Structures are given as structure tokens and as C-alpha cells.
Amino acid sequence: MNHKMILKSLGSVLCIEAVCMVPSLLVSIIYCQGDTSSFLLTIAILLLLGLGLRSVKTETTTIYARDGFAIVALGWLLVSLFGALPFLISGAVPSVIDALFESASAFSTTGASIIREIEGIPKGIVFWRSSAHWMGGMGVLVMMIAILPSVKASTLHIMKAESPGPAPGKFVPKIKETAKILYIIYIVMTAVQVIFLLAGGMPLYDSLIHAFGTASTGGFSSRNASVGAYGSVYIETVITVFMLLFGINFSLYYALLKGNMKSLFRDEELRFFLGTVLVASLLIVINTYGSVFQSIGESIRYTSFQVSSVITTTGYATADFTLWPTFSQGLLVILMFMGASAGSTAGGLKCIRILLLFKIVKREVIKIIHPRSVQTVKINGRIVDEEILYGVLTFFFAYIAVFTISIAFVLLDNKDLLSSSTAVVACLSNIGPGLGIVGPAGNFADFSLISKAVLTLCMIIGRLEIYPILLLFAPTFWKRVNI
Amino acid sequence: MNIIIIGDGKVGYSLAENLSRENHNVTIIDKDSEALRKAEENLDVMCIKGNGVSTKILMEAGVDRSDLIIAATTSDEMNMVCCLTAKMLGVEHTIARIRDPEYASELSLLKKELGLDMVINPEQAAGSEITRLIKFPPATNVEIFAKGRVEMVEINVTNSMAIADMYLKDISHRFPSSVLIGAVHRGDEVIIPNGEFMIKENDSIYIIGQPSRVYDFCTRIGIYIQKISSVMVMGGGRVAYYLTKYLEDMNIKVKIIEIDRARCMELTELLPHALVICGDGSDEELLISENFSDMGAFVAITGRDEDNLISALIAKHHSVGKIIAKVNKLNHSDIIKSLGIDSVISPQLITVNYILRYVRGLQNAMGNPINALYRIVGGHAEAIELTAGNSAKYLNIPIKKLNIKKGILLAAIVRKNSIIIPHGNDVIKAGDNVILITKDEIVTDLENIINWENNR
């Protein structure tokens, strides 16, 4: 492994984190709630360490797949670790593990919180939580690739390790250009959302917080009651639409910019994603109408918001869905596993994988009927490589395995099964709220240290799609000579 | 520039590597996903799996927004059709690799009808390169500039040469001649030498000047130049065909060893003056029985690198005068050099050089055209010939006053029929052909050899 290059890249990541903390510093200066010094201190530590690591002399800058994976995994752990410092130093979150939980939740765009009273926390700290969301949404390392000069072809390994989906690819021949395009689309869409929210009478500070939470499909709010606190149909509609928009594969936006409307409408994953949203919303509307909501309008309003929020793994809430009928709750849990499209900012298994899994099952069935038939799995008319299918199957198992093992740890707290299992899936799929005590009205504060640690790891494992973090635990991964 | 390369073989890959390094947007199309994976992982390019003839795939690669398409698949016909389709779809320039001698004769017709901007025949190019080496045996490498008026010759320095262990400034005193030592390859390093540089044994030096002067200089420093009158060629492929044609024009006798009987029959028809022997060229017995140690040169150009190298080593063992081997896998050039084989030829490298020159030429079609470009010392340095434009800022300024960047050497100026090895007081005039040697710097225009900021 190219250890020096890994250290150097980690240095760059820390420097980028320091720069991204500057807006929060400014916010803390404006509101003067005593959290300014915590940001100054953290920025100083980050810069000192980051610049120090960056000055490491490297013999060769070539990195291979495993170096890329190491940079991504260690980068995310470090970023979460240092991101926790402002919470700790300012005293907003006094315990170390709680601060780490909050920081990992922010960067992994989960939006699960251990803070009971968010409105009592200094505004700078709340802003930092949401800016961390925004950074983590598109990826800290993708940002590094977009910003830093002298990007080599081998950085593709970093991008592949960080970007979600079974086969992340480039839009344009140059990797740096691809990263730039991704961020430009991301920034422009976030800015448009801020404008829409401002138009609905939301204050600038709140608009930014909620736009960051939506863009990254994170779900941190500045209000205890989340988006429900505003009680405005306009704001809820804007956020619903943007949550869905950010759950769409960004490569489709690029195709759209290039004037390729056809590929947008013909994309199977997009159809599947929107179809699921529609069907799930419809079923829940029918299920909740009359029992929870008295008017059909109300039912549609709350259901569509909640379905979009859960399937895109955002986790905003306008209603306490733990009070909904069991069928609706169950449907939401299924959506939690599923997640939105690959190549978006959402977490979860991703629609494309579910779609592929269904197609694989269909192929198996046909193979039983016609044992000698030759069948290929196609997406958008293109044959999907057997290797990718195999990857999807293994990923599905790995996901379920991590889910099961984590539940075992969390159950040690002796909370009810529903709360424990949905807490794990809410963290693993980067959603935020689950059911039971971790529902939209509750939070994760009641869990024990071990559970919080496991859930913290789950969030990062889920964001990076398992393998980078799993690799860190493989002993041979670290050896110079590994056989 | 946006460039599409069809065919991710050795040439396609090497081109993609070099073009993406020169900051072009490169898209590769190939049917083989295994080949594409290597490119995807190692190069900053986009890879598309599919048939390059298909309009759909070409559109997906953005052919309508591309400036250049290079077709380098294994099939000549496919390359032609790719270029034709791409041209219809709106690409500016097309380059096709066409290697079949049958097509070579109708090339001008094909070029016109298919709208091809450039046709490259690697085997023919390799044949003419080998011919140049045979013409001047001491050289391991000969490149030509200004339509042959200037040559750059690479020579390995041995102890018997007078220039070994001499400073460059002393060499120019002892052997006053209008040639220049432009670059030195020592170990893994490429050096652009100055007067204080001492030539040592085992260095490779690049001598630039008029062919007759270079010849003259070489004899004076103690290189024995023997005229070659007979050549043994191992392998009867397409390179052998072109090479034999060229050599016969120079009245050199050629003996070809080819293992395949059917091909031997073909060769006797194609090359009536050559002696064709059917047998295995890596068989020492056969080589000895064909008294190859008396031949002026031994050229190993079969399709297998291993056979070529082994035969070349056998020839070296039997002290054949001049040994040339063809190698397809470029990445071992340093190791091969250490084996002591005089000259190594790679059709791939030659093809890449040709196309790179064309691409650089396109890039500055407005400025001064590139007439020649050779990548030397395994691609670590380049020798370029450019024509000075009419309205450039550097015209008529003595060279010592121009602040030329480090790592760039002004090697020669060709002005009409005279060749100037530049000194401090010489100037570049409009219309001059300027030959440069550069390292670590990609030059596309004469303007960018000069540090303008520090000049004031």
C-alpha cells in the first residue's frame, strides 16, 4: 500500500473540512451564543494536522483500488471524529460518544440525533450539523477531487469507493470534470431550493438548514418538530419535491443538461423509483384515510411527504407516523431498506439493486421453465455484466448481515424489538427516525454507549456501502506483503 | 480537444495514455470489456463498451461534439467504416489505421473517397525506420527533420570513441563541426547537456545536424561506419515486405526466413528479388547454416517479442554487425536496452508518435505547424520541429536574450537551404524551421518555450 499517499490525501480531506467549517464559524459570530471559540479551536487543529499531513513527501502518487478504499474509509472516520469537536468543546453535547454519534449522523446524512431540545443549542453548532450533512451528501472526497489540482486517473478508485450504486461511472472523460459537474448540479439545486423556501416566508437561516438537510437527504432540522413545525403546505410541498429530486441519479440531470430528454424518461431505475413512491403513497393514503386523517386532502399531504422523506432516506417528519396503522408503518419500514436511486445523495440499498434483484429472480424462474435458455439481465436495454449482478447479490447479503449483527448489539439494551430493529435500519440506511422510541417524536438519547457506538458505525458503513469499512477490519488489508 | 479512439488494443491504449496526459478528453470504444477495464482503471478516460461502427455507440461517445476520431481496431475495413460513419455524424477529423499492402497502393483514392484526414500504416512506418538504421549502422536510432535535411542520430558511447570522458566544450574544440549533442540518456536519466557536461561510457547521445556532417563527425570521433550490403530478415510479415522493398531500392540483398510455407510462397511472388528461406528463425543451426554471421545486419521482426529477442541475442553472440529487433510491448524498453541489442523498433510507438504529431498540429493550426515530433528515450523526452510564424514575438531577437525555459534546447534552425546550429547571437526568423529537444514539457507552440514573465 502507498501509505504516504494515503496520509497525504487524508491531510487534504482535513483541510477541506476546516474550510467547510468557516461558514459555521461566521454564523456563530453573528448569533454570539458562545460557540465561536469551539469552531476556532477545531479549525486550528484541523489545519495544523491537515497541512502537516499534506507536507508528507511521496515517492509515487499512484494509488490502487485498496489505497482508494483506505483513503475513503479512514477519511470518513477522521472527518466524523474531528467533526464532533465543536459539539464537545462548546458543551452542546457533553459526552464523547454522543458527540461522535451526532457528527457521524451529520456526515453520513442520517439525521438521527441524541439531542432532545435542538432549539436550545447554539445556532452555529446547529448550522455545522447541517453543513456536515451537505458535505457528506455528495461526498467529502468527491469534493477533494473537484477542488484539488493534479488529479490522477487513479483517483477513480476513491470516487468509486465513495459514490453509491453498483457501478458508479464518469459522465465525461476527465474524472475531475465529472466531480465538478456533480458539485455544480448539487450547488445549483440547493440554491434553487433555498430560494423556494425563502419565497414561502421561511427565514434565511432556517431555509439554509432545511435546504442542506434535503439536498443531502440528511434530515437535520433546526426545529424540534422538524418540518412539521412550520405547518405550511407550501413549505412541505417544496421539500417533498426537492427530496424526490435529490433522490434521482445525478447522471440523468447531466443527460438532461446535454439535451437528452429521452434517457430521462426511459430510465428504468427512475421509473421504478417514482412508481414505488406513487404506489406506496396511494396505499398509505387509503390506509390512513378515515383512521388517522379525517380528510383525503390531509391524508395526501402528510402521506406524500412521509413517503418521499423515508424512501429518499431524508427523515424529515411532518406527522408522527408511529401513530399510523401497522400496515402503513410496515410499508415505511420496507421503503427504509430500499432507498432512492444510485448516484444520488440517498442511502439504503438503492432502487437499481432492488430492480436487479427482481430481474435475477425472474431469470431464475425462466431458467427452471427452460433449463437450456440463455438469459441476460438488461437495464435500459443494455446487458448488465454478470460480475455486477454477483456484486448486487453479495451486497444484499452483506447489508442484511450487518443489519442482523448490529441488532444483536442494540438488543442488549433491552428495548423493544421494533425500536431496536428500526433504529438499526434507520442508521444503516441513513434515514434518521425509525419506529417506537426512535420515531419522529423520539430520539436516540436513551440508548446505551455500546448501542450508540454500533449505530455510529452503522451510519458510516451504510453511507459508504459497507465494503470500505469492512476492509479496515481485514487483517491482510494492512500488510505490505499479503498473500 | 475531444477525441474518440476506437479499439483499445496496444496502439489505442498507448494513444489514450498519451493524449489524456496532454489534457485531451479521450473516450475509448471497444467491444472487449476486459481491455476496457484496464484503461478505465489506469487512465483518466471514458470507456464505452460497444461496436465503434454503430451510430448509437458513436453518438453515445459524443461524436458530434468531437474534434477527432482515431480508428485503430485490428480490421482495416472496420477502421474505414468507423471513420466514414463518424464523418457523416459530424466529426472534424478522422485517422484510420490501414495496414494491408493491398490497400496501401490505393491509399490516395481511399483517403479522398472516405474523407480520411490521415492514414497510418504502422508496418510501413516501421519498415522505413529500419531502413534508416541500416543506412547508418552505428546509430541505434535515426530520426529525420526538415524532409531529411537534418538528422538526429542516437549513438551508444563506447570506450574506443575519442569523446568518452570528455567535456562537451572540449569536444567542440577538438572536433569542430556543425553538429550538436542534444540529449544524453544515462541510466534512467535524460539530460539536456551544457558545455560542462562530461560524456561517459555507455551513455546514449543524440547528435543533430546535416546528415553528411553527422556522418563526418562520427568518423572523426572514431566510429567505424561500414556499408551494409546484405541483410537477413527473420519473419516474413508485413514489416518484412515493406522493409525488403525499401532495401532493394538501395541495392541491398535481402534474405528472409519465414516459418510458414504458404507465406513463403506468397513472399516469393511479392518480392521476386529476395531469397526466401522456409524455417524457424530462432533455430541457431539454421541461422548458422545460412551463414548469418557474415551478413551486414540481422533484423528480427516476427510477431512474437520473445522470438525476436532470443534471435537477436543469438545474433549478438555470433557478432553480427548490426542487430535490430521488433518489440511490441513497449514497457520493457529499459530492460531490453540492458541486454545489449543495438536497436529496438516498435511499430506501436511509431504509430503513436505519428498520431501525436498530428494531434498537436491540429491543436495549434493557427500558430506554427508541427512538422515532426519524435519521442525519444522511451518517451521521456521529445524532439520537435516547428515552423516559426510570421508575427511571433520572439522573431529577430538574439537567442541569448530570449529566456528559454529549463529543459528545452534549441537544437537547430533550418533556414531555406542552410542549417544553423544556433549560438547566442543567432536569431529565429519568420519561416524558419526550428528543431527543439524538450524534456518534462509539452510544447505545442514556439511561444511557450520562452519564459515571458522573467524576460522583462
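Predicted model: local features only at pLDDT ≥ 70, side-chain atom pairs only at ≥ 80, totals over all residues.
Residues are numbered from 1 along each chain as its sequence is written, and chains are lettered from A and ligands numbered from 1 in the order in which they are written.

Chain A contains 22 helices and two strands, where helices (H or I, at least four residues) and strands (E, at least two) are DSSP runs numbered from the N terminus. The radius of gyration of chain A, which is taken over C-alpha atoms, is 22 Å, close to the 23 Å that the globule rule gives for 483 residues, so chain A is as compact as a globular protein of that length; the rule itself is 2.2 Å times the number of residues to the power 0.38. Along the principal axes, the C-alpha atoms of chain A fill a box of roughly 60 × 60 × 50 Å. Of the 483 residues in chain A, 52% are buried; a residue is buried if 20 or more other C-beta atoms, placed from the backbone, lie within 10 Å of its own, exposed if 12 or fewer do, and partly exposed in between. Two residues are in contact if their C-beta atoms, placed from the backbone, lie within 7 Å, and among contacts in chain A between residues at least 6 apart in sequence, 71% join residues at least 24 apart.

One pair of helices shows how such packing looks in chain A. The axes of helix H16(A) (residues 326-338) and helix H19(A) (residues 417-428) come within 9 Å and cross at roughly 35°; axes are lines fitted to C-alpha atoms, for helices over the stretch in contact, and angles run from 0 to 180 degrees between N-to-C directions. Val333(A), Met336(A) and Phe337(A) of H16(A) make this contact with Thr422(A), Val425(A) and Ala426(A) of H19(A).

Leu7(A) lies in helix H1(A) (residues 3-31) and counts as partly exposed because it has 16 C-beta neighbours inside 10 Å. Leaving aside neighbours within four places in sequence, Leu7(A) is in contact with Leu53(A) and Val56(A). The C-alpha atoms of Leu7(A) and Gly75(A) are separated by 9.5 Å, although these residues are 68 apart along the chain.

Chain B brings in a sheet. Strands of a sheet pair through backbone hydrogen bonds, either parallel or antiparallel. In chain B, six strands form an open sheet with parallel pairing, in the order S3-S2-S1-S4-S5-S6, and two strands count as paired if DSSP finds at least two bridges between them. The edge strands of chain B, S3 (46-49) and S6 (118-120), each pair on one side only, and the twist averages 15° from one strand to the next. Strand S4(B) (residues 68-71) and strand S5(B) (residues 93-97) pair in the parallel sense over four bridges, and Ala71(B) has Ala96(B) in S5(B) as a bridge partner. Helix H4(B) (residues 76-88) packs on the sheet, touching S1, S4 and S5 of chain B, and its direction makes about 175° with that of S5(B).

Finally, the two chains touch each other through eight residues from chain A and 10 residues from chain B.
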